[in-house]
Amino acid sequence: MNAPKLSTRDLCKSFQKDGVSIEVLRGLNINVAKGEFVSIVGASGCGKTTFLRLVNGLIRSSSGSAMIDGREVTAPGSDIAFVFQQDGLLPWRNVIDNTIIGPEIQGRNLGEARDLASSFLNLVGLRGFEKHYPHELSGGMRQRVNMARALTAGAEVLLMDEPFAALDAQTREIMQTELTRIWSETGKTVLFVTHQIDEAVFLSDRVLVFTVRPGRLKEEVFVKLPRPRELALKRSPEFGLYVDRIWRLIEEEVRESIRRETEEALLAARR
Amino acid sequence: MISPEVRRWIVSFGVAAILWEAVAWYLDNKLFLVRLGAIGERFVELIQSGELISDIQVSFIEFAGGFGLAIIIGIGFGVLMAASRRVRDLFDPWVSMLYATPTIALGPLFMLAFGIGYTSKIALVFLTAVFPILINTLAGLKTTDRNLLEVVRSFGATPRQIYFKVRIPGALPFIIAGLRVSVARALVGVVVAELFGARAGLGFLIFRSAQSFDTAGLFVAVFILAICGVVCVELLKWIEIRLAPWRFNNIEED
């Protein structure tokens with residue numbers, strides 16, 4: 001096997017909260033090949049988002065490391081781009097100026113960035129909206145700008161943190177097919193966090209199932225469904241089997257997570 | 001074609017003018033309410049004598065000096081307090097206290113300290129106007145949307161870039177809103193400062209007119225001040241909408 005594009009070595013993370021140390025992630029060893037689409041699923045609070053933030057360099061690990069092309073990630077840079085759940089578009093900038101913010105921050109040529117941004121806006125289906133402002137766009141369109149912005153940053157690795165969670169169900173399904181198309185056209189390496197098991201199966205080559213806190217790798221599921229994938233695939237029996245298998249892996253984790261949440265809420269109420 | 005808004009203004013003021021005239025005619029008391037015509041005549045007289053022009057000039061200088069200073073110091077200090085925890089801790093109690101104090105009350109003291117000329121007026125106008133600007137600047141810089149900060153950080157932005165690309169543009173609408181509050185306070189400051197003692201100015205014109213039972217002259221000054229206030233506030237509102245259209249997107253006018 002070739003050297004992985006993205007890998008983590010014994011990645012651990014603990015937070016201090018009210019003087020108590022909370023272990024969020026424990027000993028994660030994950031490899032993602034170049035051009036691979038990998039999803040992470042798990043109960044809420046399993047550290048999925050924390051994992052992405054560590055890989056991006058937005059926060060520092062407690063021990064262990066994340067690497068891109070074998071080089072350790074120490075701070076956010078131009079080789080990884082993050083697609084957040086909230087679109088985070090700057091409201092005072094129009095679509096094109098929002099899209100080029102990555103290259104702008106990294107001090108690259110703005111003319112080239114603009115051309116690149118236009119082609120990616122085209123790719124996400126927003127041609128002609130360059131001069132619009134975020135407040136003039138729908139949630140789905142804003143999320144497309146969010147994606148075009150990450151692509152324009154030119155990174156080979158995309159980290160996506162539940163980018164479709166805030167969208168309605170129909171828009172969400174359309175965005176999923178768009179994403180698989182964009183992914184296959186650009187050849188990016190994607191690490192995708194989601195709550196939706198069917199979303200993970202539909203998009204991914206491989207699904208990583210995390211345990212509850214402290215998050216560890218419970219199991220990985222290779223999704224051997226043919227590509228390109230259309231929405232009709234979601235109604236096929238093979239698809240259902242994958243969803244079912246992952247759901248059974250995750251079920252006890254979710255129950256445990258709910259139990260803990262209730263317990264913590266009760267404790268907090270008593271204090 | 002006149003826009004509906006302008007038409008509403010004309011109707012509203014037209015009705016008010018008719019009521020005014022009717023009440024003035026009915027009361028027939030030239031000390032309390034004079035006819036609009038008389039105010040117009042007094043206005044022309046005051047212009048011709050040159051009094052009004054010099055009153056306006058003096059008040060304008062006091063207003064511009066005090067408000068200008070308030071903008072510079074208010075924004076400057078707001079930025080400083082947002083940037084440094086220590087500066088904020090040191091000045092926060094003072095800002096809160098002085099903001100809540102009716103600083104107008106310091107007027108007589110300023111007269112004693114700085115004399116009857118421009119300095120005392122500018123100082124008082126400055127003091128009445130500076131706090132809303134300062135507080136809004138600080139609030140605008142401290143309440144930046146976390147999602148926006150995350151995004152630029154994820155692209156590797158330096159603290160300086162974060163400041164200039166996110167924090168400052170995000171604070172601008174707050175600052176303009178602060179200016180809008182301050183501009184009205186500054187106008188009050190001008191009038192009150194002149195009431196405590198002056199040689200010229202619109203506030204002094206009010207004082208002079210009242211002393212000589214010249215109700216028409218008093219209204220001339222009041223109307224000019226009212227128009228200035230409305231123009232300034234509307235202008236700032238216009239700028240605010242141009243600068244931050246997204247903030248007015250979800251507001252329904254009833």
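This report describes helix α2 of chain B and its packing against two other helices of that chain.

The model is predicted: local features need pLDDT of at least 70 and side-chain atom pairs count only at pLDDT 80 or more, while totals for chains, interfaces and linings use all residues. Residues are numbered from 1 along each chain as its sequence is written, and chains are lettered from A and ligands numbered from 1 in the order in which they are written.

Helix α2(B) has 14 residues and spans 20 Å from its first C-alpha to its last, close to the 20 Å expected at 1.5 Å a residue (1.5 Å times one less than the number of residues). Helices are DSSP runs of H or I with at least four residues, numbered from the N terminus. After α2(B) comes B:G50, with a positive phi near 85°.

| Helix packed against α2(B) | Angle | Axis separation |
|---|---|---|
| α10(B), residues 215-243 | about 80° | 8 Å |
| α3(B), residues 51-83 | about 80° | 4 Å |

Axes are lines fitted to C-alpha atoms over the stretch in contact, and angles run from 0 to 180 degrees between N-to-C directions. α2(B) and α10(B) are therefore roughly perpendicular (65 to 115 degrees). Their contact (C-beta atoms, placed from the backbone, within 7 Å) joins B:A38, B:I39, B:R42, B:F43 and B:L46 of α2(B) to B:A216, B:G217, B:F219 and B:V220 of α10(B). By class, this contact of α2(B) with α10(B) has seven nonpolar, one polar and one charged residues.

α2(B) and α3(B) are likewise roughly perpendicular to each other. Here B:L46, B:I47 and B:S49 of α2(B) meet B:E51, B:L52 and B:I53 of α3(B).

Definitions and conventions: Parallel < 35°, antiparallel > 145°, perpendicular 65-115°, else oblique. Contact = placed C-beta atoms within 7 Å. Nonpolar A, V, L, I, M, F, W, Y, C, P; charged D, E, K, R; others polar.
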